Amino acid sequence: MSPEFPQHPFRTRGGIRLPAHKTTLREKTVTMPAPDICVIPLRQSAGASCRALVKKGDHVYRGQKIGDTEEVFAVPVHASISGTVLKIEETELSSGEICEAVYIESDGRMESLPDLRPPIVANSADFAAAVRESGLVDPGGEGFPAHIKLRPAHTIDTLIINAVESEPYLTAGYRCALEESRSVLEGVYAIKSFLNVHRVLIAVEENKPDAAEILSEIADNEEYDPEDEVRILLLPPVYPQGEEKMLVKACTNREVPPGKRPGDVGCIVMDISSVVFIAKYLKTGMPSVSRRITVSGSAIFAPANVLVPVGARISDIIEYCGGFSAEPGKLLLNGPMSGVPLRTLTAPLMKADAAVLAFSGRDSAEREEGACIRCGRCARVCPMRLSPMLIENAVRAEKTAALRRLSVEGCTECGVCAYVCPANRRLTDEIRSAKKMLAQAGATDKKSNEGGGKNG
C-alpha cells in the first residue's frame with residue numbers, strides 16, 4: 001500500500017527567512033559559447049580523482065569521456081567542448097585544492113561525439129549504471145554521485161523532487177522549472193518507473209506561484225499519472241528548506257538520523273536540475289558537460305542565468321556577463337549563505353556549482369567580530385540541532401574528542417548560525433575548520449594503527 005500524501009508540509013526545526021535579492025528571477029537562461037580554453041578537473045565528485053583517458057595533442061569531442069575510475073563514489077568526466085588537449089596538469093580549484101585537470105583548447109565548433117547514443121536501460125540496475133556513466137552529481141557541496149542515490153540499499157517509497165531555492169540571489173533552479181517543464185515531467189516518470197516508487201512529491205516554495213502552477217500541471221497530468229501518484233507540496237520560503245534532511249522532514253515527517261541519508265528512511269531526494277538532465281540524457285546520451293548557474297551580485301554588470309560548459313574559467317563566465325560593473329570587494333562561488341570565497345578567478349566551474357556572485361561597496365563589507373555573548377541564537381536556528389558556539393570553543397581549544405561528541409559531521413554548512421550571530425562570529429568557518437581537524441586526526445589515527453599493526 002502506498003503512503004498517503006501530506007496535505008501540508010510538516011514542521012521542521014530551525015531555519016530563517018532571508019531577503020530574496022532574486023534580481024535574475026525574470027532572466028531567461030542564456031547559453032555561453034565555448035570559451036577559448038576549458039580546464040576540466042579529473043575529480044568532479046565526492047569520490048576519488050579519475051585517471052586521464054586522453055593525452056596531449058588528442059582531438060576530443062563534446063561528450064567524449066576523458067577520465068574515469070573504478071572508485072564507487074566517483075563519476076567519469078567528459079569533454080564539455082570540442083578541440084585539442086593542450087596538456088594534463090594540476091590546477092587550483094576555487095576551494096584552493098590542487099587537482100589534476102585536462103586543458104582543452106576549443107576549435108569553436110562544439111562538435112558532439114559522432115557515435116553518441118542514448119543508453120539502453122531495461123531495469124533499475126541498468127538505470128543506475130547509465131546515470132553513473134553520465135557523470136551526474138548533486139548540485140552543491142562536493143558533488144554527491146547521483147547513481148549512488150539511484151541504487152538504494154533500502155526499500156524506497158517516496159521520491160522528493162527538490163524545486164526549492166531559498167538561498168538569496170540563486171534563481172537557476174527556478175528558471176529550470178519554468179523553462180524545462182516537459183523534461184521535468186519526463187524525468188520524474190522515468191525515475192518513478194525504474195525505481196518502482198508510488199509517491200512523488202515535487203517540493204516548491206509558496207512564494208513562487210508561477211513555478212508552482214507549471215509544476216502542478218506536470219503533477220496533474222492524467223495521461224502519464226493515471227494513478228495520481230505525483231503531487232505538488234508548497235513549502236514556506238525558509239532557508240535552508242532545500243537541504244535534503246529538512247526536505248524529508250517537511251515532506252514525510254521522517255527524521256534522517258545523524259550519519260545517515262534519506263535512503264535510510266525510504267526517501268530519495270533529487271534536485272530538479274538533475275531530473276531534467278536525466279530526461280534529456282535518456283533521449284540523447286549526452287553526458288553531464290554543462291551547468292545552469294546564476295551569475296549575480298552588485299559588482300556584476302549584467303546579472304544572468306547562464307548555461308555554462310563545465311571547466312569554463314570563472315573569469316570567462318564573468319566576462320560573458322559583461323564583466324565587473326564596480327571593483328568587487330567580495331567574490332563567492334555558490335550562494336551567499338553556503339558558498340565559499342573565490343580564491344582565484346582562473347578556477348574552473350565544477351559540475352556541482354550553482355552560482356558565481358560578486359559584490360561591491362556596502363554589500364562586500366566585512367562585519368567586525370565581537371565576543372560571544374552566549375545568547376544561544378545559533379543553536380536555536382540550527383536545522384541539525386547542533387551547538388555552533390560549543391563547536392567553536394572546541395575548535396579553538398583543539399579538542400577533537402569534544403568535536404566528535406558535538407556531531408560536527410552533521411553540519412550542512414548552511415550558514416544560518418553565522419548569519420544570526422549578533423557578535424558576528426565566523427561560526428560556519430570554524431565548523432569547516434572543525435571538519436578538517438577531525439579528518440586530519442582520523443588520518444593520523446589510521447596511520448598510527450597501521451604502524452602499530454606492522455610493528456606488533
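## Strand pairing

The bridge partner of Lys65 in strand S6 is His78. Strand S5 (residues 65-68) pairs with S6 in the antiparallel sense over 2 bridges; pairing requires at least two bridges found by DSSP between two strands. Strands (E, at least two residues) and helices (H or I, at least four) are DSSP runs numbered from the N terminus.

These strands belong to an open sheet of 3 strands, ordered S3-S5-S6 with antiparallel pairing. Strand S3 (51-52) and strand S6 (77-78) stand at the edges with a single partner strand each, so one side of each has no neighbour in the sheet.

## Basis of the model

The model is predicted: local features need pLDDT of at least 70 and side-chain atom pairs count only at pLDDT 80 or more, while totals for chains, interfaces and linings use all residues. Residues are numbered from 1 along each chain as its sequence is written, and side-chain values use heavy atoms, with hydrogens and water left out.

## Contact of H3 with H5

Tyr174, Ala177 and Leu178 of H3 meet Asp210, Ala211, Ile214 and Leu215 of H5, where contact means heavy atoms within 4.5 Å. By class, this contact has 6 nonpolar, no polar and 1 charged residues.

Conventions
Ala, Val, Leu, Ile, Met, Phe, Trp, Tyr, Cys and Pro count as nonpolar, Asp, Glu, Lys and Arg as charged, and the others, Gly among them, as polar.
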